[in-house]
Number of protein chains: 2
Amino acid sequence: MEGLQLQSQNNVSTKKGRLYIVGIGPGSTDHMTVKACEVLRRSDYVIGNGTYLDQIADLLDKQEIIRSSMGKEVDRASQAVELSQEGEVSIISGGDANVYGMAGLVLEVAEHTGLDVEIEVVPGVTAITAAASILGAPIVNDFAVISLSDLLTPWEMIEKRLEAAASTDFVISLYNPKSRQRRSNFSRAIDIIKKHRADSVPVGLVKNALRGQDEDCVVTTLGEVLKYNEWVDMSTTILVTNSESRIWENNSTKRIITPRGYHRKYDY
Amino acid sequence: MEGLQLQSQNNVSTKKGRLYIVGIGPGSTDHMTVKACEVLRRSDYVIGNGTYLDQIADLLDKQEIIRSSMGKEVDRASQAVELSQEGEVSIISGGDANVYGMAGLVLEVAEHTGLDVEIEVVPGVTAITAAASILGAPIVNDFAVISLSDLLTPWEMIEKRLEAAASTDFVISLYNPKSRQRRSNFSRAIDIIKKHRADSVPVGLVKNALRGQDEDCVVTTLGEVLKYNEWVDMSTTILVTNSESRIWENNSTKRIITPRGYHRKYDY
């Protein structure tokens, strides 16, 4: 860190600092926004966890890179806030900067330290809509997004949200379905949803959405989804669709369609 | 249409067709993905409503442009499906292609006509996360997205979803809060949410998020939000945050922070 401080003083001490919280999208840089690419290219510092820094490696050359790891989010946010007083800093967030992203924590730290530099949040494509694009059109109507991680939200609240969303026919997107410590949260969530929704409802599971060759996807139903319980991991996004959704099989590709409701208004 | 058919036969009859459903993001082309830009540039036809075509005008030159208008979604989808049999077609959707977007309707028409060309959905930044980026960090935890348009969903179902989401502390994003025919839906929705949530809960209203100089934003509370009832129009995205959210005022900018829950785990 000492070498880094020194270098930054030489390079950028006359510049006004600026802090960007950048959503880098689902994985491949193709699905980043033009703005996110520009901001990263011109930053003095880019801070993020190793997985996300690897995804944007093509865009990085002269920037000072600060690698962090999962679970070190508070340290990372503090470091970004500190460095932004002397240069342009991008702290990166997988997907969108807001959706389970770094924007909240970085602003909390900025508030706490009374930071006096410009802060800009740059939105990105979320894992939810990335997964949806691979499945076809599963989320065309009202939807609810629920993380199954009970590290940061009490499980009782997660259950209440699952009940509420399942009983009112929201399309439901499940985030963080599993981790090493929480193997059963996914099956518990599915059991709650099944109390309110028919076994025939389409369910899409997408792993590493739009991250290139690691991408994988399953189209199944609520009645069958627990057959894939072992396949689901922490990088899987789950979409449980609604009572009007259906599976369309075309040229051996299965897609999910959730109608917006135009069939109630039009013939086609 | 006859001239268009003739031209397309001359130009692209030997090419295999392809259909892209492209989310063009919130407005400014800066916030489009690299992939969406590429797809639009190489398409033979670009189909969309006039407002969205105007937003991407910089990217269009040699493509055949087919302008449509609001309320003509079914015609537009049918035309896209038809033309995709003879060339590369992009049908564009504001924000993301899934979230209240064109993906559902286009796949429904493709299914109905037994379309046999490659279909690719290209995701984009939604109005929700665009609005969130302007407000700071309002959606860092579980959230529900509800359209207040009762043209395509019965109002009774909308009310049930509002009750369910409000009573379980979801951050709530309201879409389509008003139209000429539905002036009171917004205030009715707020009244329902108020039954379950304190007047002090922060609310953000964003008009034309990331569309350049037309962008406008208000940070207020649930108790005060109906003072802005006249200001809210059909292009406003509303974010009603949760019981843990707060307003941070810094350098005369008001932002909303919804904690992810790290304060339960860490000191900072």
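How many salt bridges are counted between chain A and chain B?

## Basis of the report

This is a predicted model, in which local features need pLDDT of at least 70 and side-chain atom pairs count only at pLDDT 80 or more, while totals for chains, interfaces and linings use all residues. Residues are numbered from 1 along each chain as its sequence is written, chains are lettered from A and ligands numbered from 1 in the order in which they are written, and side-chain values use heavy atoms, with hydrogens and water left out.

## The interface between the chains

The count between chain A and chain B is 6 salt bridges, a salt bridge being a side-chain nitrogen of Lys or Arg within 4 Å of a carboxyl oxygen of Asp or Glu. A:R161 forms a salt bridge with B:D142, with the closest N and O atoms 2.9 Å apart. On the side of chain A that touches chain B, helix α5 (residues 103-113) of chain A gives the most, with 9 residues; helices (H or I, at least four residues) and strands (E, at least two) are DSSP runs, numbered from the N terminus.

In total, 80 residues of chain A are in contact (heavy atoms within 4.5 Å) with 80 residues of chain B. The two chains bury about 7,200 Å² between them, 58% of it on carbon and sulfur atoms, where buried area is the accessible area (1.4 Å probe) that two parts lose on being put together, summed over both.

## Strand pairing across the interface

Strand β7 (residues 143-147) of chain A pairs in the antiparallel sense with strand β7 (residues 143-147) of chain B over 3 bridges, pairing being assigned if DSSP finds at least two bridges between two strands. Within this arrangement, A:A144 stands opposite B:A144 in β7(B).

A:D169 lies in the loop between α7 (155-167) and β8 (171-175) of chain A, and it counts as buried because its relative accessibility is 14%; buried means under 20% relative accessible area, exposed over 50%, and partly exposed in between (1.4 Å probe, protein chains only). Leaving aside neighbours within four places in sequence, A:D169 is in contact with A:R197, A:N242, A:S243, B:M157 and B:R161.

## An enclosed strand in chain A

Strand β2 (residues 45-49) of chain A has 5 of its 5 residues buried, and is therefore largely enclosed by the rest of the structure. A:Y45, A:I47 and A:N49 are buried on one side of β2(A), and A:V46 and A:G48 on the other, so that both faces are covered. In a regular strand, the side chains alternate between the two faces of the sheet. β2(A) runs parallel to strand β3 (residues 64-68) of chain A, joined by 5 bridges, and A:Y45 stands opposite A:E64 in β3(A).
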